[in-house]
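This report looks at charged side chains and at the surroundings of a ligand. Please keep the sequence and the model open while reading.

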Amino acid sequence: MKNKGWKKFLMAAGCIAVAALTAGCGSFQHVATQSAKETKEAEEDLIVVGFSQIGSESVWRTANSASIQRALSRENGFFLEFNNARQKQENQIKAIRGFISQRVDYIIFSPATEEGWETVLQEAKDAGIPVILVDRKISVSDDSLYTTWIGSDAKAEGEKAGIWLETYLGKNGRQEEDINIVVLQGTPGSSVQLGRTLGFDSIAKQHPNWHILEEKPADFTTAKGKEVMEQYIRKYQEIDVVVSQNDDMTFGAIQAMEEHGITTGVDGDVIVISFDAVREALEMVAEGTINVDVECNPEQGEYVAEIIRKLENKEPVDKENVVEEKVFTPENVAEYIDMRTY
Ligand code: AHR
């Protein structure tokens, strides 16, 4: 990388400034020790990566951050600057601008929403810094604004959920019945919310007896999932299916239903379809309170590291890299549960 020495000097200076600011006036010695440490880190020949993560809204997100931190470790030859944007696109834009001014080697980020990235990505492109998107996608007219994307096919996930429901209703002789569905959506305008909605709706449209009563955002969190589910319970007499676009919202929705005496899952009143497949949810699939969990794979760190290595070697990389994902039901979940680390 050209200008590496200069860039690393800037990074060390940045780290020293941050250390000084956060330490306050009384701990000069601590700051000096910290500075020496940071300078030593900056002197090593590491690939410097700035990562803007959306936030820490879900178990999935925590696993995704951990996967990237593990793969882009110092032992693996990386210096990772991790930024948590706390669900705000403006914080992500600020962080990306910070990475550009530090002249990092690569910028990676998981975009909160699809729209609104042109200006800052043009700045990264002008600075010659490759941008790697992880997890979610963006919508830009010029796709040369980013190098590559690694993540899940959210539309396919939504379709898998719809196809599972089709089969399940068929097996239970309910294919002709009127089926009332409510949906808990993730962050509005995010590629996963849009994709899962589009995918599920495309299957629902083929069934005139499926009635989507309402689709409301619940922000991918347990608290909001519970709140929105309570609103649905108060508003609708007959709910046959809850489609919840992530496990955290599902946990909240199930709590709300339990508190209203509504049972869920295999032997329950309401069919529950969830997404992500974190361990706690897989356990609920095994015990039968969630009917199906469509996997969204957060283990993207190794893919990112591999792509960066290829880019360092001037090897070509694919523009889109979809991670492998499964569908978990009570029939197959037992063989996967023990492998789940998150
Ligand atoms: O973008 C992936 C989604 O974001 C996951 O389904 C959800 O849990 C997370 O917060």
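Which residues are around the ligand? The shell consists of E57, S58, W60, R61, D135, R136, V192, R196, F220, N246 and D276. Bear in mind that this is a predicted model.

**The ligand site**

The ligand sits in the largest cavity. Two elements give two or more residues each to the shell around the ligand: helix 3 (59-71) and helix 7 (191-204).

Polar side-chain atoms reach oxygen atoms of the ligand. For R61 the distance is 3.0 Å. For R136 an N or O atom of the side chain is 2.8 Å from a ligand oxygen. For D276 the value is 2.5 Å. How much of the ligand does the protein bury? Taken alone, the ligand exposes 280 Å², and the protein buries 100% of that.

Charged residues of this shell also pair with each other. E57, R61, D135 and R136 are linked in a network of salt bridges. These four residues are listed around the ligand as well.

**Salt bridges elsewhere**

Side chains of opposite charge can pair when their charged atoms come close. How many salt bridges does the structure hold? The count is 20.

| E123 | R97 | 2.7 Å |

E295 lies in strand 10 (residues 292-295) and R340 in the segment after helix 12 (334-337), so the pair ties together parts 45 residues apart in sequence. Are these two residues buried or exposed? E295 counts as buried because its relative accessibility is 6%, under the 20% cut-off. R340 is also buried, at 13% relative accessibility.

The E123 salt bridge with R97 links distant parts of the chain, too. E123 is in helix 5 (residues 118-126) and R97 in helix 4 (residues 89-101), 26 residues apart. E123 is partly exposed, with a relative accessible area of 29%. R97 is partly exposed at 38%.

E283 has 35% relative accessibility and counts as partly exposed. R279 is partly exposed as well, with a relative accessible area of 27%.

Methods
Residues numbered from 1 in each chain as written. Predicted model: local features only at pLDDT ≥ 70, side-chain atom pairs only at ≥ 80, totals over all residues. Heavy atoms only, no water. Salt bridge = Lys/Arg side-chain N within 4 Å of Asp/Glu carboxyl O. Helix = DSSP H or I, 4+ residues; strand = E, 2+ residues; numbered from the N terminus. Buried < 20%, exposed > 50% of the residue type's maximum accessible area, 1.4 Å probe, protein only. Near = heavy atom within 4 Å. Polar contact = N/O pair within 3.5 Å; in protein donor to acceptor, adjacent residues only side chain to side chain. Areas by Shrake-Rupley, 256 points an atom, 1.4 Å probe, with all protein chains shown as cover. 1 Å grid on protein atoms, 1.4 Å probe; cavity = no way out; pocket = protein on both sides within 12 Å on 5 of 7 lines; lining within 4 Å. Sits in = over half its atoms within 2 Å of the grid points.
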